[in-house]
Structure formats: structure tokens, C-alpha cells
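Open the model in your viewer and switch to a cartoon view. This tour tells you what to select next and what is there.

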Amino acid sequence: MKSRKAKPFWERGYAGHGYWLGKSKIGWVALEGRGKNGSYRWQAGNRAGEVKTLSEAKRAVEETVLSLARQLSLFADPGAD
């Protein structure tokens with residue numbers, strides 16, 4: 001039988017969207033400004049940015065989380081497993 005790995009998921013909130021892995025928030029997106037001048041701020045780990053659309057912001061968070069997960073495996077202690 002295969003073990004099930006937890007998958008990150010998006011949850012919509014009052015002031016933005018959160019990217020969750022289980023009960024840990026691993027990223028977020030929030031709207032900054034209004035109208036044509038509005039933009040979306042995002043953060044995942046120690047990286048952050050600002051883009052024009054919600055889909056770009058979500059993609060940036062997902063790619064950053066994936067990138068950070070790969071980098072952690074490079075520096076993981078081989079004796080920890």
C-alpha cells in the first residue's frame with residue numbers, strides 16, 4: 001500500500017489567500033491597492049514579490065515552495081532518515 005504524502009492547498013481568506021501544508025501556512029498572497037493600480041504581494045519562506053495578477057502570485061508561491069523543498073533535500077543530513 002502506498003503512503004499518502006500531504007499535498008499543499010490554497011485556502012481563501014478575508015484579506016488574501018493562504019497556501020497550507022497540513023496545519024502549517026507555507027505561503028500567502030494579498031491584494032495591495034485597488035483598481036488598475038492594484039497588485040498582488042506574495043511571500044513563501046524568505047522570498048517575496050509583487051505581481052499584477054492573482055494567478056501569477058499563486059504560481060510564484062507554488063514555484064518558490066517547490067524550489068525550497070528541493071534545496072532543503074540537498075542540505076539534509078543523510079543520517080536523519
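Strands here are DSSP runs of E with at least two residues, numbered from the N terminus. Two strands pair if DSSP finds at least two bridges between them. The model is predicted: local features need pLDDT of at least 70, side-chain atom pairs count only at pLDDT 80 or more, and totals for chains, interfaces and linings use all residues. Residues are numbered from 1 along each chain as its sequence is written, and side-chain values use heavy atoms, with hydrogens and water left out.

**Stop one: the sheet.** Colour the strands. You see an open sheet of five, in the order E1-E2-E3-E4-E5, with antiparallel pairing. Now select 9-12 and 47-51. These are E1 and E5, the edge strands, each pairing on one side only.

**Stop two: E4 and E5.** Select 39-44, which is strand E4. Five bridges join E4 to E5, and the two run antiparallel. Show Tyr40: opposite stands Val51 in E5.

**Stop three: the rings.** How many aromatic pairs does the structure hold? One.

Buried or exposed? Buried means under 20% relative accessible area, exposed over 50%, partly exposed in between (1.4 Å probe, protein chains only). Tyr19 counts as buried because its relative accessibility is 8%. Trp10, at 22%, counts as partly exposed.

**Last stop: Lys58.** Lys58 lies over the face of Trp10, at 5.3 Å from the ring centre. (The cut-offs: NZ of Lys or CZ of Arg within 6 Å of the ring centre and within 35 degrees of the ring normal.)

Conventions: Helix = DSSP H or I, 4+ residues; strand = E, 2+ residues; numbered from the N terminus. Phe/Tyr/Trp six-rings, centres within 6.5 Å; stacked < 30°, edge-to-face > 60°.
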